[in-house]
Amino acid sequence: MDTAPIKLLLVQQDPELAQWLQQLLQESASFDFTCKTIATLHEYKEMAEPEYDVVLLDLPGTDLSRIETYSYANTLFPLTPIVVLTDSPEDQPMLDITKLGVQDYISKKTLDGRTLVYAIRYARERKKLELQKDEFLGFASHELKTPVTSIKSYTQLIELQAVTTPSLPACKLLPLVFKVDAQVTKLTYLINELLDVTKVQAGKLDFHFEPFLIDQLVEEVIESMQMTTQRHTIERSGATGAYVNGDKERTLQVLVNLLSNAIKYSPQADRISVALSNGDGKVAIAIQDYGIGINPENQARIFERFFRVNDHQKETYPGLGLGLYIASEITKRQNGKLLVESTEGEGSTFLLELPVVYHQEMPAH
Ligand code: ADP
């Protein structure tokens, strides 16, 4: 957890008001913080320490120059949440400032310590999500472009061969066609992830609930995922004979996601274990890899929308940071649980739990 004191920059011309605000914060903040006060944004340029976690910007008065001041602050602090303090929260310039993307604004007339503390908290969360979204757009475009570029090169190659060697039997071009097909599959997967995340958000993800045998589904997924990796052997253990009441296709989607992550994030390992068990009215499917693992801080965040682990990993492993978010939303809708246990450098186990509706007769051993 991030326990470093929050660094606040207060831009406030009135020294008395500045003192009062600091006092409010001292009385109400449940977090550690430091607060530096400057009278105007111009002073900021001369400051030695440029990094702040939150900017509290007072925009006094009612004139239009507030919009300019806010825009200027936005260019000075493109990565920092800004909370605006205002005398007139309901007038047009404040609405315009909202459209420009201010993280929060509070009225000085009704200001108290709690409001200020909440505003700081929410502003930080909003800005974090906003930055993740911006970054997401960058790597989503990149991820989409990669298969498109490959498809383009393969089709050019097919065209070239067909034109330069008209006598070439069509079957000789098949290996290239398979490559195009693989890239189209990749592209379709990415596009489906993007569509699903939009549907999840709008609460429009379709579900067709019906009982299905979980062992059989796991078997099918293992079989098809085994075909995607030559390096890993996917080992299965346990059988439950349990029927789960859920959407079979969506559950398949979750399992595919967990297994493809297990493969992707364990490039040096040669096996993945899938263990099925049941008890207490639920089945548990544990998917264990022996790969790079996830540190405790990131474990708490991997189910968030757009979240991907650090820059180095982002470059090494392709992905959109949506799969686990979608998987956990699907699991919630099925009254299940998706949990992670992991040790950095040793590997991860993702545990999918789903409620059982009934059991099939198990053959006697
Ligand atoms: P992505 O498309 O980036 O793989 P996910 O939502 O599936 O998106 O996963 C989010 C992040 O969680 C990944 O970027 C990765 O850092 C981490 N992660 C997921 N599964 C594993 C795993 N099995 N081992 C290590 N890290 C993982």
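Reader: I'm new here. Is Asp96 buried, exposed or partly exposed?
Author: Asp96 is partly exposed, with a relative accessible area of 23%. Keep in mind that this is a predicted model.

Reader: Okay, and which residue does Asp96 form a salt bridge with?
Author: That's Lys99, and the closest N and O atoms are 3.9 Å apart.

Reader: How many salt bridges does the structure hold?
Author: There are 13. One of them joins Asp58 and Lys108, at 2.7 Å from N to O.

Reader: Where are Asp58 and Lys108 in the chain?
Author: Asp58 is in strand β3 (residues 54-59), and Lys108 is in the loop between β5 (104-107) and α5 (113-164). They're 50 residues apart, so this pair links distant parts of the chain.

Reader: Is Asp58 buried or exposed?
Author: Asp58 counts as buried at 7% relative accessibility. Lys108 counts as buried too, at 17%.

Reader: Which residues are linked with them in a network of salt bridges?
Author: Asp87 joins in: Asp58, Asp87 and Lys108 are linked in a network.

Reader: What about Glu130, which residue does it bridge to?
Author: Glu130 pairs with Lys127, with 3.4 Å between the closest N and O atoms. Both lie in helix α5, three residues apart. Glu130 is partly exposed at 31%, while Lys127 is buried at 5%.

Reader: Switching to rings: how many aromatic pairs are there?
Author: Nine. Take Tyr243 and Tyr358: their ring centres are 4.8 Å apart and their planes are at 25°, so the pair is stacked.

Reader: Where do those two tyrosines come from?
Author: Tyr243 is in strand β8 (residues 242-246) and Tyr358 in strand β12 (residues 347-359), 115 residues apart. Tyr358 is partly exposed, at 43% relative accessible area.

Reader: Which rings link into a cluster?
Author: Phe136, Phe139 and Phe306 do. Arg308 also lies over the face of Phe139, at 5.4 Å from the ring centre.

Reader: Which ring does the charged end of Arg271 sit over?
Author: The ring of Tyr290, 4.3 Å from its centre.

Definitions and conventions:
Residues are numbered from 1 along each chain as its sequence is written. This is a predicted model: local features need pLDDT of at least 70, side-chain atom pairs count only at pLDDT 80 or more; totals for chains, interfaces and linings use all residues. Side-chain values use heavy atoms; hydrogens and water are left out. Rings of Phe, Tyr and Trp (its six-membered ring) pair if their centres lie within 6.5 Å; planes under 30 degrees apart count as stacked, over 60 as edge-to-face and the rest as tilted. Helices (H or I, at least four residues) and strands (E, at least two) are DSSP runs, numbered from the N terminus. Buried means under 20% relative accessible area, exposed over 50%, partly exposed in between (1.4 Å probe, protein chains only). A charge sits over a ring if NZ of Lys or CZ of Arg is within 6 Å of the ring centre and within 35 degrees of the ring normal. A salt bridge is a side-chain nitrogen of Lys or Arg within 4 Å of a carboxyl oxygen of Asp or Glu.
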